[in-house]
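Grab a pencil and work through these exercises with the structure open beside you. Try each task before you read its solution.

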Amino acid sequence: MKGENYISIEFPSKSCNEAFARGAIACFAAQLDPTLDELGDIKTAVSEAVTNCIVHAYPHEIGPIRLKARILEDHVLDITIKDRGCGIKDLAQARKPMFTTGGEERSGMGITIMESFMTEFRISSTPGKGTTIHMKRKIVRRGGSK
């Protein structure tokens, strides 16, 4: 699908950039006129994806995170978050709720949250090369001219 509008941002895997990513996606998504609930879901999903990059992809170093977003036809927000970190060895295990490699302070619910808050969700990973999360969220059109 051809995108109607897009952004592409790359930033280091520093914890302060999680808030930046939330804000950036909120500003970009605003053109679709989402409800506060829709916007909250989108921001939470992006926050989870970026936090996973920070905590899991680059556990001992700072590395690049790329956030891309597009507005597609039919009011769809298309988001990709990609790292070039350590990758996920067992994707099936990582997708299980409560599984984490981040220590006991982590809930292990990040992938489950992303998947439940978005209309579509895909994750791919290659050990030693990184992980890509691709999410879409259809924004409900409310009466009006959009």
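A residue counts as buried when its relative accessible area is under 20%, and as exposed when that area is over 50%. Keep in mind that you're looking at a predicted model.

**Exercise 1. Decide whether N17 is buried or exposed, and find what it touches.**

Step 1: Locate the residue. N17 sits in helix α1.

Step 2: Compare its value with the cut-off. N17 has a relative accessibility of 14%, and the limit for buried is under 20%, so N17 counts as buried.

Step 3: Look around it. Leaving out residues up to four places away in sequence, N17 touches F11 and P12.

**Exercise 2. Work out the strand order of the sheet and say which strands stand at the edges.**

Step 1: Move on to β5. β3 and β5 are antiparallel too, with 7 bridges; here I81 has I133 in β5 as its bridge partner.

Step 2: From one strand to the next, the twist averages 10°.

**Exercise 3. Check the span of helix α2 against the expected one, then find what covers its buried residues.**

Step 1: Compare the spans. α2 covers residues 36-57, which is 22 residues, and it reaches 30 Å from first C-alpha to last. At 1.5 Å a residue you'd expect 32 Å, so the two values are close.

Step 2: Pick out the buried residues. Among them are L39, I42, V46, V50 and I54.

Step 3: Find the cover. The elements over the buried residues of α2 include the helices α1 (16-29) and α4 (110-117), along with the strands β1 (5-12), β2 (64-72), β3 (76-83) and β5 (130-138).

Step 4: Place the helices on the sheet. α1 lies across β1, β2 and β3, at about 175° to β1. α2 packs on the sheet as well, touching β1, β2, β3 and β5, and its direction makes about 10° with that of β3. As for β3 itself, 6 of its 8 residues are buried.

**Exercise 4. Explain why the buried residues of α4 lie on the same side of the helix.**

Step 1: List them. In α4, the residues G110, I111 and M114 are buried.

Step 2: Check the arc. They cover an arc of only 95° around the axis, which puts them on the same side of α4.

Step 3: An α-helix has 3.6 residues a turn, so residues three or four places apart point the same way.

**Exercise 5. Find the polar partners of the H134 side chain.**

Step 1: Look for polar contacts. The H134 side chain makes one with the side chain of D78, at 2.4 Å, and another with that of R122, at 2.5 Å.

Step 2: Link this back to the sheet. H134 is also the bridge partner of R122.

Technical notes: Residues are numbered from 1 along each chain as its sequence is written. This is a predicted model: local features need pLDDT of at least 70, side-chain atom pairs count only at pLDDT 80 or more; totals for chains, interfaces and linings use all residues. Side-chain values use heavy atoms; hydrogens and water are left out. Helices (H or I, at least four residues) and strands (E, at least two) are DSSP runs, numbered from the N terminus. Buried means under 20% relative accessible area, exposed over 50%, partly exposed in between (1.4 Å probe, protein chains only). Contact means heavy atoms within 4.5 Å. A polar contact is a pair of N or O atoms within 3.5 Å; within protein, one must be able to donate a hydrogen and the other to accept it, and residues adjacent in sequence count only if both atoms are side-chain atoms. The arc is that of the directions from the helix axis to the C-beta atoms. Two strands pair if DSSP finds at least two bridges between them. Axes are lines fitted to C-alpha atoms, for helices over the stretch in contact, and angles run from 0 to 180 degrees between N-to-C directions.
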